[in-house]
Amino acid sequence: MSEEVKLMKGNEAIAHAAIRSGADGYFGYPITPQSEVMETLMAEKPWETTGMVVLQAESELAAINMVYGGACCGKAVMTSSSSPGISLKQEGISYCAGAELPCLILNVMRGGPGLGTIQPSQADYYQTCKGGGHGDYRLIVLAPASVQEMADFVNLGFDLAFKYHNPAMILSDGVIGQMMEKVVLPPFRERRTEEQIRKQEPWAAQGRTPDRARNVITSLEMDPVVMEQRNLKLQAKYAEIEANEVRFETINCEDADYLMVAFGSMARICQKAIDLAKEEGIKLGLLRPITLWPFPTKAIAEAAKGKKGVLVAEINAGQMIDDVKLAVNCSLPVEHFGRLGGIVPSPEEVVAAIKEKLM
Amino acid sequence: MDVNEIIKPENLVYRKPTLLNDNTMHYCPGCSHGVVHKLVAEIIEEIGMMENTIAVSPVGCAVFAYNYVDVDWIQAAHGRAPAVATAAKRLNPHKLVFTYQGDGDLAAIGTAETIHACNRGENITIIFINNGIYGMTGGQMAPTTLEGMVTVTCPYGRKPELNGYPLHIGELLAKLKGTCYVTRQSVHTPAAIRKTKKAIMKGFENSMNKKGTSVIEIVSTCNTGWKMSPDKANVWMEENMFAEYPMGDLKNE
Amino acid sequence: MAKIKGAITVNAERCKGCNLCVVACPSDVLALQPQKVNQKGYNYAYMANPDNCIGCASCGIVCPDGCIEVYKVKL
């Protein structure tokens with residue numbers, strides 16, 4: 001079968017990819033700039049085709065707890081929101097991480113703090129990669145830079161979530177969510193049957209059969225000795241993810257004097273900046289982290305070797321720069337460039353920042 | 001006739017259900033939770049739904065319900081049980097899904113989730129223990145605390161001008177089109193317990209017959225929080241709680 | 001009319017001495033141990049007047065901890 005190329009928004013691609021991924025359920029609440037995800041799902045009516053449940057919840061709190069409930073049953077479930085809504089979901093995300101539940105969360109970031117703006121931003125890097133909710137936990141964080149990656153990361157997110165029994169987040173932004181691009185949608189995957197779920201997810205709450213003890217899905221443990229062991233098990237899992245799942249892309253890094261590190265839509269802008277700088281005889285390279293956690297620490301250290309400086313470009317006031325600085329360990333100058341308030345920077349501004357801050 | 005001649009397996013007429021396991025319950029002596037747990041276990045056993053039951057426990061004293069009733073459990077965040085149950089049921093429509101929640105969980109922090117799950121007519125049963133106080137955290141005022149009732153956060157008694165009025169969440173839920181059955185029961189006498197058992201059974205049947213949301217409010221005691229002996233707490237409940245929260249069906253369609 | 005005779009057993013270690021079975025018993029069969037306590041320190045319930053028991057199971061039904069088994073014979 002030949003590939004079918006379609007033109008659509010990033011948010012729409014997420015919805016189509018979710019139906020095709022064999023997802024069992026989506027639970028959402030409207031918020032700009034990601035409302036097209038649920039709108040597309042409702043228009044597509046997947047409950048009539050794949051049997052996927054789509055429900056508009058009364059709040060982000062309810063939506064993430066529906067995800068928690070579905071994930072507890074071993075189902076492939078997801079939600080989507082944008083920054084203020086993701087803040088509301090943090091309680092449930094922490095519970096999902098604590099109970100080691102596979103699920104997929106999409107954040108189409110907008111500017112903050114507070115109600116902020118509906119314009120694009122990347123200011124939730126800290127929230128996503130450094131905590132968000134309470135407790136020592138990590139999310140697997142995928143940062144798409146195209147509509148194609150929005151579609152592709154649905155399957156990848158679910159696969160990683162189920163492989164490690166951990167919530168995965170697609171950390172997108174208003175640019176990627178709203179822009180229209182060509183996309184090849186992934187092929188259809190079958191939803192799992194109850195028998196398959198019982199076999200593949202024996203921990204799940206599917207109803208206790210006489211051959212096993214009851215399954216209890218909880219993040220609660222009153223005995224500190226047991227709770228410490230639980231936490232250590234989580235940490236061991238996170239170390240495994242860090243060892244196996246780092247993903248990144250490098251562009252023009254070998255032949256560059258200066259390295260840029262940027263993710264998502266900002267990486268697209270930096271890519272254009274490479275071409276602009278070339279015209280002026282400035283050699284720029286780009287490392288784009290695809291997984292923001294686990295962070296490509298070693299790859300950045302490697303790419304920074306022999307360079308004159310690093311520019312971390314983010315649509316925020318400087319968040320990922322902390323991790324880049326740790327990666328290069330003060331071996332060369334690391335500067336930040338970013339715009340705030342929902343303003344998306346131009347490639348020209350990036351080149352200007354290189355010249356001003358590093359040359 | 002010697003007692004030992006009577007105590008033989010063939011003469012057994014009552015014992016706790018097998019699905020209520022042998023773990024010693026953490027509840028205080030005389031706590032109503034134990035009786036309701038026993039009823040839930042008894043009913044699931046009688047209707048043979050163990051393999052198809054997904055139970056949702058709250059935050060509060062009943063958070064550990066999963067230690068005692070031998071079915072699969074999901075422990076929800078505080079107040080979120082109806083949202084959790086919504087997804088569990090919608091994704092597993094042929095399973096029996098119920099929540100077990102206290103008054104703080106259901107009627108304070110979880111009011112939105114409770115009302116909206118009921119308003120959507122989710123095919124779940126909500127078992128609601130109303131004892132007018134927060135037990136687990138040490139006896140603080142609940143939305144259902146009676147006027148004048150003393151708790152550690154209203155040590156001079158609940159005053160409406162300061163704390164508002166006892167919340168009749170059962171009556172509120174009965175008004176919603178999504179609920180098919182809202183009833184208020186108790187478990188302080190053998191007769192009351194039999195009626196409550198029938199009510200929970202009916203709720204479970206409604207859930208399986210896709211009739212909408214059933215809410216079984218059980219006015220209960222918290223003798224520790226109320227600072228009374230268990231038997232005195234039962235008397236106090238009849239005299240005071242029943243006056244504010246009268247027994248009987250609020251809706252039965 | 002056939003006479004009915006009952007008897008109960010109490011899981012003494014599980015019993016918390018809440019007294020609810022004592023109150024529920026229509027025949028004054030039950031009492032809490034006046035002296036003896038279980039390992040948790042509770043004065044557990046026992047048949048103080050076993051001859052009165054009619055095996056109605058009221059005690060078992062109200063017991064929050066599921067400690068009581070009830071037996072009954074028709075004489």
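Residues are numbered from 1 along each chain as its sequence is written, while chains are lettered from A in the order in which they are written. Because the model is predicted, local features need pLDDT of at least 70 and side-chain atom pairs count only at pLDDT 80 or more, whereas totals for chains, interfaces and linings use all residues.

**View 1. Overall form of chain A.** Chain A contains 13 helices and 15 strands; helices (H or I, at least four residues) and strands (E, at least two) are DSSP runs, numbered from the N terminus. The C-alpha trace spans about 70 × 50 × 45 Å along its principal axes. The radius of gyration of chain A, 21 Å, agrees with the value near 21 Å for a compact globule of 359 residues; it is taken over C-alpha atoms, and the globule rule is 2.2 Å times the number of residues to the power 0.38. Of the 359 residues, 53% count as buried, that is, with 20 or more other C-beta atoms within 10 Å of their own, these atoms being placed from the backbone.

**View 2. The two domains of chain A.** Chain A is divided into domain 1 (5–194) and domain 2 (249–358), with bounds that come from an automatic or database domain assignment. Their centres, taken over C-alpha atoms, are separated by 27 Å. In the contact between them, domain 1 contributes 24 residues and domain 2 contributes 20 residues; two residues are in contact if their C-beta atoms, placed from the backbone, lie within 7 Å. On the side of domain 1 that touches domain 2, α5(A) supplies the largest share, 4 residues. This side of domain 1 divides into 15 nonpolar, 7 polar and 2 charged residues, where Ala, Val, Leu, Ile, Met, Phe, Trp, Tyr, Cys and Pro count as nonpolar, Asp, Glu, Lys and Arg as charged, and the others, Gly among them, as polar.

**View 3. Helix α2 of chain A and its surroundings.** Within α2(A) (residues 36–44), the buried residues are E36(A), V37(A), M38(A), T40(A) and L41(A). The elements that cover them include β1 (5–9), α1 (10–20), β2, β3, β4 (77–81) and β5 (103–109) of chain A. After the helix comes K45(A), with a positive phi near 50 degrees.

**View 4. The contact between chains A and B.** Here 34 residues of chain A meet 29 residues of chain B. The greatest contribution from chain A is that of α3(A), with 9 residues. By class, the side of chain A that touches chain B holds 17 nonpolar, 11 polar and 6 charged residues. Strand β9(A) and strand β3 (residues 72–75) of chain B run parallel and are joined by 2 bridges; two strands pair if DSSP finds at least two bridges between them. In this pairing, V216(A) has W73(B) as its bridge partner.

**View 5. The contact between chains B and C.** Chain C gives 29 residues to this contact and chain B gives 28 residues. On the side of chain C that touches chain B, β4(C) gives the most, with 5 residues. Strand β1 (residues 12–14) of chain B runs antiparallel to β4(C), with 2 bridges joining them, and L12(B) stands opposite Y71(C).

**View 6. The arrangement of the three chains.** Of the 2 pairs of chains in contact, chains A and B share the most contacts. Chains A and C do not touch, and their nearest C-alpha atoms are 20 Å apart.

Methods:
Buried ≥ 20, exposed ≤ 12 C-beta atoms within 10 Å, placed from the backbone.
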